[in-house]
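Thanks for coming. I will talk through one structure today, going from charged pairs to rings and then to one helix.

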Amino acid sequence: MIFNKNKNGAKELRELTGSYYANNSFSKISGDIEVATEELTVLIGESVMQLAEKYYQNGEDNELVRKVQRPIAIMATLRMYQKNDLSHEDDGRKFKMATDNSEKLPWEWQLDRDDALHLEEYYRSVDALIRYLNKTGLQEWMQTDTYKLTQRLIIRNGNSFDMYFPIEKSERTFLVLVPFIREAQRLKVERAYGDGWDELLAEKAVPESDVHYAACMAVALFAMAAALRRLPLRIFPSGVIRGYMAKNGMADSRIADTDDIVRVAEWMEDDAAVWLDEMKRVRDGIIPVYDLIPKNDERNKYCRL
């Protein structure tokens, strides 16, 4: 465990989260810490976690330790708070109320909002950890299967993905999208491009070529469309889908339902097809011709809202 369970463990959690009471018993949250640690290990790799634990046990003041500790602490405390809404006693679960009117119980919407804020904070701390690993080029991280896989993609990190589709530069979201990026690249874009794909994949020019940009746009949109259909919406940063819906004329304050998700995925695939065609045009050296004014159909004299 990357926390001191014998002493100062609760103090560490207080410093990392800002909300955990330092006088709480550490044993109450140790199980949640173990689960949160295992979940983070799946994301960053066993070797990175072992290195952080080694630094911690040796008492080294290392930045990696803090970057690893923070998401674990946030997720563990969130789960403990959720379980504490009810007390679990021998004769059943109890709902405690203050008899002297000194405290008021929160409404359900307040609890939901607090959960969402903690979850967003967890996502940001995971993003910060992965950005640190990418920036430092830690050998233990670069040897993981996840990192090696990203280096065979045309879009290799969350910061780059955000240039083609806004994901709030979330590295965690990018890693979730990696299987879908790989699928879109392999089944859609690479096949459409044909010979010379490896050269395009190896391009490192700044600014990038038009054909590379078009290929990345197509990959990003196809990947997002597939992910929306197969993954729970909650794994995405809260503003990602809502912002895309707002740009396409839908209210950005409305909660997305199943029909909205299907519609957004279809819009993304339509946009991806446009960029796929653009990639072929630029690859073949054909100057694209754009219709500045939409074609008028005399049979269609009505608009649909």
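**Charged pairs, rings and a bent helix**

Aspartate 277 and arginine 281 sit four residues apart in helix 13, so about one helical turn separates them. Their side chains meet in a salt bridge, at 3.0 Å from N to O. Both ends are partly exposed: aspartate 277 has a relative accessibility of 39%, and arginine 281 has 29%. Before I go on, note that this is a predicted model.

Side chains of opposite charge can then pair when their charged atoms come close.

Lysine 67 is partly exposed at 24%, and glutamate 63 is partly exposed at 46%.

Now a pair that reaches between helices. Glutamate 269 and arginine 229 form a salt bridge at 2.8 Å, N to O. Glutamate 269 belongs to helix 13 and arginine 229 to helix 11, and the two are 40 residues apart, so the pair links distant parts of the chain. Glutamate 269 is partly exposed, with a relative accessible area of 32%; for arginine 229, also partly exposed, the value is 42%.

How many salt bridges are there by this rule? The count comes to nine. Some share partners: Arg70, Glu121 and Arg124 are joined into one network that way.

Next, the rings. The structure holds six aromatic pairs. One of them is tyrosine 193 with tryptophan 197, an edge-to-face pair with centres 5.9 Å apart and planes at 65°. Are these two residues buried or exposed? Tyrosine 193 is buried, with a relative accessible area of 12%, and tryptophan 197 is buried at 4%.

Tyrosine 213 and tryptophan 275 also pair edge-to-face, at 5.4 Å between centres and 85° between planes. Tyrosine 213 is in helix 11 and tryptophan 275 in helix 13, so this pair ties together parts 62 residues apart in sequence. Tyrosine 213 is partly exposed at 31%, as is tryptophan 275 at 25%. Ring pairs also bring in Tyr164, giving a cluster of Tyr164, Tyr213 and Trp275.

Arginine 172 places its charged end over the ring of tyrosine 123, 3.5 Å from the centre. Arginine 283 lies over the face of tyrosine 193, at 5.9 Å from the ring centre.

That brings me to helix 9, residues 171-193. What does this helix span between its end C-alpha atoms? The figure is only 27 Å, whereas a straight helix of 23 residues would span 33 Å. A kink of about 50° lies at leucine 177, shortly before proline 179. After helix 9 comes glycine 194, with a positive phi near 80°.

Threonine 77 lies in helix 4, which covers residues 63-83. Its relative accessibility is 0%, so threonine 77 counts as buried. Leaving aside residues up to four places away in sequence, threonine 77 touches Thr17, Tyr20 and Ile29.

Methods:
Residues numbered from 1 in each chain as written. Predicted model: local features only at pLDDT ≥ 70, side-chain atom pairs only at ≥ 80, totals over all residues. Heavy atoms only, no water. Buried < 20%, exposed > 50% of the residue type's maximum accessible area, 1.4 Å probe, protein only. Contact = heavy atoms within 4.5 Å. Phe/Tyr/Trp six-rings, centres within 6.5 Å; stacked < 30°, edge-to-face > 60°. Lys NZ or Arg CZ within 6 Å of the ring centre and 35° of its normal. Expected span 1.5 Å × (residues − 1). Bend = angle between axes of the 7 residues up to and from the residue. Salt bridge = Lys/Arg side-chain N within 4 Å of Asp/Glu carboxyl O.
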